[in-house]
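User: Hey, can you walk me through this structure? I'm new to this, so please keep it simple.
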Amino acid sequence: MSSPGASRRLAGRRRELALLAFATPALLLLGVVFAWPVLRLLSLSVEGGSLEHFEKAALDGLYVSVLGDSLKIAAAVTAICLVLAYPVAFWLSRAGRIGAALGLFALLLPFWTSVLVRTYAWLVLLGRNGVVNRALRDWGLIEAPLPLLHNMAGVLIGMVQVLLPYMVLPIYAALLRVDPDLSRAAEGLGAPPWRAFLRVTFPLSLTGVSAGCALVFVLSLGFFITPALLGGGRVVMISMLIEQQVREFLDWPFAAALSAVLLLVTLAIYGLIGRITRGGRLEAA
Amino acid sequence: MRRHRRISFGRILLGLVAGLVFAFLMLPLLVVFPISLSSASYLQFPPPGLSWQWYLRYLDDPSWIEATLRSVKVAALCTVLAMGLGVPLAFFLVRSRLPGIRLLDRLTAAPIIVPTIVLSIALYGVFARLQLIGEWYGIAVAHSVLALPFVVILVGAGLRTFDEAQEQAAAGLGARWPAILWRVTLPQLRPSLVSAAFLAFISSFDELVIAMFLSGAEMTLPKKMFDNIMMEIDPTIAAVSVLQILLVGLCLGLASLFGRGVLTTTMTR
């Protein structure tokens, strides 16, 4: 006769084993079609135990400047997204039922529409004779068409439109968790609304802000389709160099080295912002 | 009185800014509708007249239809794989008390963080060796890795709000585990399951970067569109885009009617 404690432990262990058996196919998939290929690629970069490919990447000014440009673009996209997303998230969190439903639809429909479709639409909108330039000219706001396509402006506009929902949604989720009674209490104690917002609501929403920033920065750093189509070859991001190395030059070890750099920078930034987020969460708790 | 007016002024300003940003988000979606109905023979805005010619051209061109069917097949298999493997994985990640569970949680979310271009060329190398380039099921398997995190996050969120005492009650009444899962747990998770399936389908149907490397000459719809945009911008793409937008709108509508938690796909955990 086993004691009840022992049999419960046994049942617990059987439960764990059953759960693990449940998850095994998915973990195998992640191992075989994700972890192993990525690690295999990374190992190509140090083939033969030499770091020559990393040296090439570090010494050739082109690659360093493209990585720098990619970081700058990612930072700019993140900053613009934050400035645009916060008012939207705040408005959504205070909107009524119908307003919130409509707003979420206007946010989620573009979010789930193919990046390619949206990028194509920007090609139509931003060209010399595109919709935007035509409208601005018809309204008498400009004389000559603005250069909006095949340059940095086009890339930024397209990327911000694609990545904006990734910023709005976490901030919105964080704002929903903030008890509106808190800012009401601050106003009841005599704080003007803007101060109640700045001192009470805004700090409590910072977890969402940093989650959104981490996501947008990381996604834009590795972005490919939008800069490739809207940059017109004049804006080069590191993902485009990686593609070129594989497709045109078949230089796998060098592509692998560039991938390793991109992956390292991505993980480092994600980890860094994640750490700030967790710190914020502890404070909020 | 004065204070009241200032609040409402701030509210109007906020509403105005939010409205402009919503307009910016919707603008690219809205602009393709009139272009797709253009009667001009090349890209012209505003269109000089209306016609269905670009939709007809899409329907009459076997290569567009083939690409569309291939994408539907890929997305369907991807959905089956992501659901079939992701739902059990979500149970494991939510309920297991193994010490390494946090690490596996991270591994599951990793396909979102790792840049798609890196994953694409990594898979390209492996698939080329296995001679899987151009095979539609290869793309589906690769896409299921990207869809898996969506499924796990949505279903996991549903599972966390599920009261496990119901399963214990069913077990106490003599039900066996498969029956409990099938008759008690899964029916209550249905909203999360529906959302997860729709989003897995769309995420694969829209995916371009992986398909670019793995599809070879056997193009998926996004790959065919990409090539077409690079060659010539004719309004056929606008017609295809409209159909895609309508499909996504339909999926979103259905998911919000029958599903739950479409919002939680923002990876905010």
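This is a predicted model: local features need pLDDT of at least 70, side-chain atom pairs count only at pLDDT 80 or more; totals for chains, interfaces and linings use all residues.

User: OK, how many residues does the contact take from chain A and from chain B?
Analyst: Chain A gives 65 residues and chain B gives 70. Two residues count as in contact if their C-beta atoms, placed from the backbone, lie within 7 Å.

User: Which helix gives the largest share on chain A's side?
Analyst: That's helix α1 (residues 4-44) of chain A, with 15 residues. Helices here are DSSP runs (H or I, at least four residues) and strands are too (E, at least two), numbered from the N terminus.

User: And how do the residues on that side of chain A divide?
Analyst: There are 53 nonpolar, eight polar and four charged residues on the side of chain A that touches chain B. Ala, Val, Leu, Ile, Met, Phe, Trp, Tyr, Cys and Pro count as nonpolar, Asp, Glu, Lys and Arg as charged, and the others, Gly among them, as polar.

User: Switching topic: at what angle do α3 and α6 of chain B pack?
Analyst: Helix α3 (residues 62-95) and helix α6 (residues 136-160) of chain B pack at about 40°, with their axes 6 Å apart. Axes are lines fitted to C-alpha atoms, for helices over the stretch in contact, and angles run from 0 to 180 degrees between N-to-C directions. α3(B) and α6(B) are therefore oblique to each other; under 35 degrees counts as roughly parallel, over 145 as roughly antiparallel, 65 to 115 as roughly perpendicular and the rest as oblique.

User: What residue classes are in that contact?
Analyst: The contact of α3(B) with α6(B) has 24 nonpolar, four polar and three charged residues.

User: Where is His150(A)?
Analyst: His150(A) sits in the loop between α6 (131-138) and α7 (152-177) of chain A. Its phi is near 60°, a positive value in a residue other than glycine.

User: Why does His150(A) count as partly exposed?
Analyst: Because His150(A) has 19 other C-beta atoms within 10 Å. The cut-offs are 20 or more for buried, 12 or fewer for exposed, and partly exposed in between, counting other C-beta atoms within 10 Å of the residue's own, all placed from the backbone.

User: And Gln131(B), buried or exposed?
Analyst: Gln131(B) is exposed, with 9 other C-beta atoms within 10 Å.

Definitions and conventions. Residues are numbered from 1 along each chain as its sequence is written. Chains are lettered from A and ligands numbered from 1 in the order in which they are written.
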